[in-house]
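Please keep the sequence and the model in view while reading.

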Amino acid sequence: MEAEACIKLKKQQPAANSDEDTDDGSLSGDEDQVLTVAEKLKMNSNKRRKVVVTTTQQQQQEQQSTKGYIDVGTIICATSNCCERLFLEAKYIMLPHRRGMSPILFEALLYCLKKNKSFWNASTVARAMKMKEDELQEELAQDDDTFYDHEE
Amino acid sequence: MSPTSTSSVPGKAIADFFFTPVQDDNGKQKSWQCKKCGTEKLSQKEGYTNLRCHASACVGKSYESDLLEHLKKVGCFVDKKGNILSEDRKPKALVQQAINSFVTTSNTELRAFTWIRWLACRNMPLSEIENDITRDLAKAYRPFSIKTIRKYILATSNLVVDAIAQELERAGFLTLLLDGWTADGASTHYIAIFAGYKHPDSGNYSEVLLAMQPTLDEDGAMDAAAHEELLDSTIAMYKLTKANILCIIGDNCNTNKCLARQWGIPLVGCASHRFNLAVKHWMEDQPGLMDAIKKLSTLMSTKACNLRAAHTLRHLTLHAYGKELRAQQMNETRWTSIFTMVERYFRIKEQLEKIKALLPYCLSVTENLRVRDAFEHLAVFKLITVEIQAKGMDLGHCRKQFDTLLECESYQVMSDYLHPRAEIVDFADFESGILKIMAGALEKHSVQWKLKLASS
């Protein structure tokens with residue numbers, strides 16, 4: 001995808017220059033620099049992909065020497081973007097006409113049933129149906145759709 | 001037929017009736033899957049005790065009489081060898097269909113599962129289940145009342161917690177990713193907490209949603225203490241302790257920094273948040289750029305969206321590109337919206353200039369040049385933004401991309417945000433430590449980190 005974007009950038013260059021014929025001296029100099037940065041960035045990401053492949057091969061050899069250590073590099077993600085992606089989906093559940101939904105139902109819908117689909121199936125539902133009402137009392141007490149009424 | 005008279009129905013019939021065979025990659029049968037709940041059960045060569053036990057637990061103790069009753073209803077019988085046959089010699093596929101109708105019509109669990117899945121995954125309001133048109137459509141799945149399905153949804157989500165807790169226990173160490181969200185118009189601030197961990201089976205980086213809750217504080221405070229309380233209760237719910245948590249990943253705001261210090265767990269500032277700020281800073285640093293953008297924004301967001309102007313614009317673009325284009329509006333919080341706005345501007349520039357009413361708002365030649373010049377730079381920033389947002393992006397690669405950018409003379413101003421020791425980074429030592437470990441100085445550092453982790 002990055003590669004494509006770079007190619008696009010390159011292709012756009014002559015076109016951009018041709019319809020802007022006033023002062024392209026300073027512009028083209030600048031663009032050269034930009035291009036090299038873009039290319040460098042692309043190179044980096046290509047390298048990363050290669051590194052990922054080789055580490056999987058090396059992993060088996062390294063596993064012995066690093067046993068007991070935490071592989072921090074792979075666990076720590078650089079961005080908290082998964083939250084943003086979640087909020088994008090949340091928007092479609094918390095629609096303007098569903099504002100009265102209780103937070104606990106909202107969480108249940110979004111949390112287990114949508115985002116964590118791999119953690120439940122029909123047998124989970126079967127077990128859930130056998131749960132007695134008093135086991136759920138706390139949830140049921142909180143599950144009140146008039147939650148937001150006083151705020152609106 | 002009384003439920004206690006066991007083995008009156010041959011095991012083979014039980015297996016065929018309640019289970020579907022599951023085959024392995026070589027086409028050899030490896031196990032049986034329950035048609036009702038989806039659980040896989042192994043069976044011994046000729047014995048069906050395992051399957052009988054499951055059927056009695058899943059369908060109920062009267063599973064044998066249920067079976068016979070159903071077969072009688074659909075005109076089938078069991079022969080001495082345990083084959084299920086049709087009385088009027090229907091083909092096998094039809095017999096199978098008749099058998100399966102037992103599971104689809106009389107099976108409350110499967111019905112509940114199907115309804116919940118539909119409601120949750122298709123974002124349906126719960127009232128939909130009591131809607132006549134929906135009920136008409138789903139005749140095979142007799143619906144529940146809203147109150148019942150609601151109870152089942154909450155109960156299921158309770159059980160999912162246990163399933164996730166088991167997986168996290170096996171994973172051992174994890175990171176917490178958090179961010180806040182307010183739905184437009186609803187005055188509740190939600191905090192989403194994800195866990196990032198190495199999947200115990202596949203070894204890949206995985207993320208799982210732990211909670212999406214309003215802050216617990218009764219006064220509605222959203223300070224670090226309220227966050228702390230929420231995190232504490234969340235990790236307790238999954239039977240985790242602070243020792244399991246390597247670090248928190250969130251925006252570089254003061255609340256998060258304070259939370260990390262109070263909690264004693266390092267914070268890794270979200271790189272994409274940092275980059276967003278850096279780009280904004282860079283744009284403000286360009287002479288005259290923000291003014292030009294502001295003017296462009298007035299043109300694109302208000303003037304060109306005026307009904308008459310928009311109508312003319314649609315006409316002109318349809319003529320030029322074969323499809324109707326409209327002006328893209330920009331939003332304040334993200335610079336990427338400026339990028340899309342500028343991109344669209346250059347596409348419809350000619351057409352915009354043809355509209356007489358918009359002439360006083362069009363950009364001057366110098367302003368145009370400034371925007372065009374900046375556009376090339378923004379395209380580079382866009383590359384990085386898209387790339388670092390990938391799932392499981394590691395710190396090392398992010399650092400490398402930032403360094404590449406900083407090498408360039410024209411992006412020096414961004415170092416206020418992108419430099420590894422920039423003021424915005426609160427736990428710079430932690431981050432540089434991780435980077436060193438990733439670069440290969442593994443053994444020495446991880447020993448130290450283990451010690452630090454143990455002490456925290």
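In chain B, five strands form an open sheet in the order β8-β7-β6-β9-β10, with mixed pairing; two strands are taken to pair if DSSP finds at least two bridges between them, and strands (E, at least two residues) and helices (H or I, at least four) are DSSP runs numbered from the N terminus. The edge strands of chain B here are β8 (205–214) and β10 (267–269), each of which pairs on one side only. From one strand to the next the twist averages 25 degrees, where angles run from 0 to 180 degrees between N-to-C directions and axes are lines fitted to C-alpha atoms, for helices over the stretch in contact. Within this sheet, strand β6 (residues 174–182) of chain B runs antiparallel to strand β7 (residues 189–198) of chain B, and nine bridges join them. Thr182(B) stands opposite His189(B) in β7(B).

The model is a predicted one, in which local features need pLDDT of at least 70 and side-chain atom pairs count only at pLDDT 80 or more, while totals for chains, interfaces and linings use all residues. Residues are numbered from 1 along each chain as its sequence is written, and chains are lettered from A and ligands numbered from 1 in the order in which they are written.

A second open sheet of chain B has three strands in the order β1-β2-β3, and its pairing is antiparallel. Its edge strands are β1 and β3 (40–41) of chain B, each pairing on one side only. Strand β1 (residues 19–23) of chain B is joined by five bridges to strand β2 (residues 29–34) of chain B, and Pro21(B) stands opposite Trp32(B) in β2(B). The strands β1(B) and β2(B) form a hairpin with five residues between them, and Gly27(B) in the turn has a positive phi of about 80 degrees.

| Helix pair | Axis distance | Crossing angle |
|---|---|---|
| α8 (residues 224–237) and α9 (residues 254–263) of chain B | within 9 Å | roughly 60 degrees |
| α11 (residues 289–303) and α13 (residues 336–354) of chain B | within 11 Å | roughly 70 degrees |
| α12 (residues 307–321) of chain B and α13(B) | 10 Å | about 130 degrees |

Angles under 35 degrees count as roughly parallel, over 145 as roughly antiparallel, 65 to 115 as roughly perpendicular and the rest as oblique. The axes of α8(B) and α9(B) cross at roughly 60 degrees, which makes α8(B) oblique to α9(B). In this pair Ala224(B), His227(B), Glu228(B) and Leu231(B) of α8(B) meet Thr255(B), Cys258(B), Leu259(B), Gln262(B) and Trp263(B) of α9(B), two residues being in contact if their C-beta atoms, placed from the backbone, lie within 7 Å. By class, this contact of α8(B) with α9(B) has five nonpolar, three polar and one charged residues; Ala, Val, Leu, Ile, Met, Phe, Trp, Tyr, Cys and Pro count as nonpolar, Asp, Glu, Lys and Arg as charged, and the others, Gly among them, as polar.

For α11(B) and α13(B), the crossing at roughly 70 degrees makes α11(B) roughly perpendicular to α13(B). The contact is made by Ile293(B), Leu296(B), Ser297(B) and Met300(B) of α11(B) together with Ile338(B), Met341(B) and Tyr345(B) of α13(B), and by class it has six nonpolar, one polar and no charged residues.

Helix α12(B) also packs with α13(B), at an angle of about 130 degrees, which makes α12(B) oblique to α13(B). Here Leu313(B), Leu316(B), Thr317(B) and Ala320(B) in α12(B) meet Ile348(B), Gln351(B), Leu352(B) and Lys354(B) in α13(B), and the residues of this contact divide into five nonpolar, two polar and one charged.

Turning to the two chains, 88 residues of chain B are in contact with 74 residues of chain A. On the side of chain B that touches chain A, the largest share, 12 residues, comes from helix α7 (residues 146–171) of chain B. The residues of that side of chain B divide into 52 nonpolar, 22 polar and 14 charged.
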